[in-house]
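Here is a short briefing on one protein chain.

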Amino acid sequence: RRLLQTDLDKMAAELFTATKNLQQAVTIINEIPVEKFSRLIVRILATLHTQTPPFTPDEQERLEGGLGLNSAQVTLLLDTTAFFYETAIYNHLNVKNFTSNLNALQLQATHSDVLAKAWATKAADLIEKFRDRTMFPTVLARSDWRLSVQLAQDTRTHQRLPNAVFDLVTATGPEAKHILVEFTREELVKFYEKLEIVQSQLDQLG
């Protein structure tokens, strides 16, 4: 029994892969005053199960100024913090293993402590809410894409603006819905970076 528990603890302590994005996020987190980071965690956990952003665009802009970060850095901060808790939820981590995973990423002890304390308080409620959310999931049935080029509004510049349009067909049970999403090059790069985080999470769950 002791050997089995040791093996389980070792597996639970290897959930986070230190990708480039994750390392950048850890650096950002470590530089944030712990009091401000604690308040961020409260907002993130309040909306985590709803899949809605914890901050409105106006609030996030003020957050950038308050933390001295740019938009991409704040997005990475929020996404990574949510990723920590989503991983803990899907793996039903106890506080000890959650803290071990965070410490392995070189998070400062003060910051990993506030993450762990919030998990100790909210774990049972979050796990239950995520269980309810996944009973009738919306799935991606198929996808298609095309490229297009638009002219800038200022016709004097003759600037061409390339973009990509994705047609995402989602299904909830027998019902299907088309969602058209248009990306500029910069938006597509940000989306790709988020997909890297998702891929890392899927690899760890597998």
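In which hand, left or right, does helix 3 pass helix 4? The crossing is left-handed. Keep in mind that this is a predicted model.

**Helix 3 and helix 4**

- Helix 3 covers residues 34-47, and helix 4 covers residues 57-67.
- Their axes come within 12 Å. The crossing angle is roughly 160°.
- Angles over 145 degrees count as roughly antiparallel, so helix 3 is roughly antiparallel to helix 4.
- On the helix 3 side, Lys-36, Leu-40 and Arg-43 make the contact.
- Helix 4 contributes Glu-59, Leu-63, Gly-66 and Leu-67.
- Sorted by class, the contact of helix 3 with helix 4 has three nonpolar, three charged and one polar residue.

- His-92 is not a glycine, yet its phi is positive, at about 50°.
- His-92 sits in the loop between helix 5 (71-91) and helix 6 (95-104).

- Is Gln-106 buried or exposed? Its relative accessibility is 61%. The cut-off for exposed is over 50%, so Gln-106 counts as exposed.

Notes
Residues numbered from 1 in each chain as written. Predicted model: local features only at pLDDT ≥ 70, side-chain atom pairs only at ≥ 80, totals over all residues. Heavy atoms only, no water. Helix = DSSP H or I, 4+ residues; strand = E, 2+ residues; numbered from the N terminus. Buried < 20%, exposed > 50% of the residue type's maximum accessible area, 1.4 Å probe, protein only. Axes fitted to C-alpha atoms, helices over the stretch in contact; angles between N-to-C directions. Parallel < 35°, antiparallel > 145°, perpendicular 65-115°, else oblique. Left-handed = near helix turned anticlockwise from the far one by under 90°. Contact = heavy atoms within 4.5 Å. Nonpolar A, V, L, I, M, F, W, Y, C, P; charged D, E, K, R; others polar.
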